[in-house]
Every structure is written in structure tokens, then in C-alpha cells.
Amino acid sequence: RDRAARTDTMKIALAIFQLETLGGKERDGLAVAAHLQQRGHDVTIVTTRAAARQLPLAIVPRKGLSNHGRARHFAKAVTAYRSHHKPDVVLSFERVPGADFHYAADAAVALRMTGAARFLPRQRAYLKLERGVFENSRTRFFFLTQAQRDKYAAHYDFDPTQGTVLPIILHDERFDAARATAERNATRGQLGLASNAIAALAVAVKPKQKGLDRSLEALTRFPELHLVSAGSTDSWIAEQAKALRIEDRIHILPYGANVMELMAACDFLLHPARAEAAGQVIAESLLAGRPAIVSGICGYAGEIARSGAGIVLREPFNPQDLAAAMETMLQQLPAMTSAAKVEADRLQSQRGQWLSVIADAIETKAAAPYLPPST
């Protein structure tokens, strides 16, 4: 039958490079896969590596000596999987030319290619993959924010009907955790934080990308402020803290800590990221009723500006701006916390909307017959 008319089970292949370390993109992919399965579809995750998961997996070879080489091989592997297994729909969270749907978790490569960098093999490889996705009239795109969509559209000039901007992305377990967070002082006790200490929270699987080094530098100006860093135990974090003589105020936690409990235990989010298409941690901070200091490049920075629950740093980044923002946050913390709690109530009403938008689009799309992408 015509795919547009189908209301029964579809075979869906969801392509995502790895599921060993779960950053925002990986968590989104798993949530979408689970939601589609709950709606009755036959979902298989195509990936190179994964820890034990509840969903069916198809493990493809992880080839290539570089990140861009591995990205290129993965795209080819997904195309080969499609040719062999013939799923009804391919939804890719990576740049896979020919996918029916692409979840744009990252900023556009084309907009970062300036100067001599555009001639590097790495950039050329990523750009070729990106063109294969966004210059395909049959592919539909999911964008995290309107600003992200506009940036892609300015370069690739695709049909506006191909791109859907998703509602703010928050995972179900975050809503549950926000309603049932551990007692604040109990979590602080586990962290070694005094009940009256002021603490900022940084959450980053990729700490340099999310500006953790910037936060550590800024902390030297505030001798009473603590920083809880969750998501990475890279050795440079402790080394930098020691070199700055702030190691007694840095609390380093590995990936997997309960983020919403940490949000409740801390006083505000510190997220001066270098790159952030959206920034789910910003939405999570608001859901927990905690204000945030964020870079202007973050896709969800507008949520902070609109709600008044924090401070948005101007671009390009200036360490003095971050220090001034932290000073303001400490002075106005009660008012900004109140604004964040108002926003938390609003966000509760949007639970699950982003997942429904994705599933509805997949179920109703009148897909053209599949044609293999040119190579």
C-alpha cells in the first residue's frame, strides 16, 4: 500500500553511530526509538557499538582511522543495511544521504567552513555527507530550534515543508525525576557540600565543547562558590582545578549521575558552551526550577532570555562577561530562581510533545520510492 495511507506497523531503521556514551543525541535517539515502538512499529537501531539495550540492534562494522572516515563508512553501512533489509523508513541521527528523515542534532558543517579549513579532508568529507542529506528533496528534517533551521535553510535553500522545528526536548525520566527528586541536603551530603554553600552545576559529556574549562577559570574569582561537574572524568579537569588552586571546590562526577537530583542540589547551571545546537541541559535546568548562565550560541538560550531565569552571554565569548554574569547571578539568585520555577510549571504541560511530532511525521509522510544516493 501507499506509505501515506498506512496506519499499521512499519519497519523503521533508526541510524545512530554509537550508543556506548550517551550524549544528548544518543539519548534522543533512544527515546524516539522507544516511542515509535510503543506506537506499534517494528524499530531496529542501526549502530556500530552499544551497551545492552531493550530495543533491537543491528551492529554494523566500525571502520575508518579518523572520525570523518568512520562517519563516511557508517553512512555507507546504513545504505547497505537498507538495501538488504528494506525497512519502510530510515530515520538517521547522523549524516546519511538518502535517509527518509534526518534529525539535525548538530550545527551545519557548511557554516563552519571558513578559510583554509574548508580544504581539509575532514571538512570536505563531512560537507559531502551533509550535502547528500540536505540537497535531497525526498528527505524530511527535524530541527531542534528555529534558529538552527534558519541557518541550514540559508545555506541549502530547501523547501520549507521539508523542515520541522521540534517542541522543546525533555525526556520523560526528567519529568519524573523533577517531581521526585531526592532531598536537597541528602544529595549535598553525598557531594561533600555544606547545606549553606552556593553551588553551580556543569553537565557535559564533552567538557571542552561545553566550556567547562571556561567555568573553572571563572571560579577563581568567586572564592565561596562550588562547582559540581557531571558527565566526564577526563584527567585534565582535575589537573586544571589543581593548577588554579580550586580543587577543594570542584566536585567531579562521571557520566550517569542523576542530573535532576544534582539540579535540585545545586543553585544554578553554568553552561558557557562553545557549540550547542539546542542544549537539553538548559531545558532540564528550567524544569528543575534552576536558573542558568548560558552562551548565546546555545539553541535554547532564547528560553533563558524569554523567561528571565538566568543570563545569556553575548558572542564572541569574553571571560569578563562570564565573570560579570556570575556576579549578577549570585546577587539576584532568589529572583532568578523564582522565574525558573514559573518556567518549570509551564514545561510540565509540554511533556512528550516532541516525540509525538516526530512519530506523527513518520506515520503520515507520503514517501517517494527509494532511490539509492549517488556516490
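A salt bridge is taken here as a side-chain nitrogen of Lys or Arg within 4 Å of a carboxyl oxygen of Asp or Glu. I applied this rule to the structure, which is a predicted model, and the count came to 21 salt bridges.

**Entry: Lys 25 and Asp 106.** I looked up this pair and found a salt bridge with an N to O distance of 3.9 Å. Lys 25 belongs to helix 1 (residues 24–38), while Asp 106 sits in the loop between strand 7 (101–104) and helix 3 (121–134), so the contact ties together parts that are 81 residues apart in sequence. I then checked accessibility. Lys 25 has a relative accessible area of 18% and is buried, because the limit for that class is under 20%. Asp 106, at 32%, is partly exposed.

**Entry: Arg 188 and Asp 267.** In this salt bridge I noted that the closest N and O atoms are 3.1 Å apart. Arg 188 lies in helix 6 (residues 184–191), and Asp 267 lies in the loop between helix 9 (259–265) and strand 13 (268–271); the pair links distant parts of the chain, 79 residues apart. I recorded both Arg 188 and Asp 267 as buried.

**Entry: Glu 343 and Arg 346.** I found the closest N and O atoms of this salt bridge 2.7 Å apart. Both residues are in helix 13 (residues 333–348), three residues apart, which is about one turn of the helix. Glu 343 is buried at 4% relative accessibility, whereas Arg 346 is partly exposed at 32%.

**Entry: a network.** Which residues are linked in a network of salt bridges? I listed Arg 27, Glu 173, Arg 174 and Glu 284.

How values were computed: Residues are numbered from 1 along each chain as its sequence is written. This is a predicted model: local features need pLDDT of at least 70, side-chain atom pairs count only at pLDDT 80 or more; totals for chains, interfaces and linings use all residues. Side-chain values use heavy atoms; hydrogens and water are left out. Helices (H or I, at least four residues) and strands (E, at least two) are DSSP runs, numbered from the N terminus. Buried means under 20% relative accessible area, exposed over 50%, partly exposed in between (1.4 Å probe, protein chains only).
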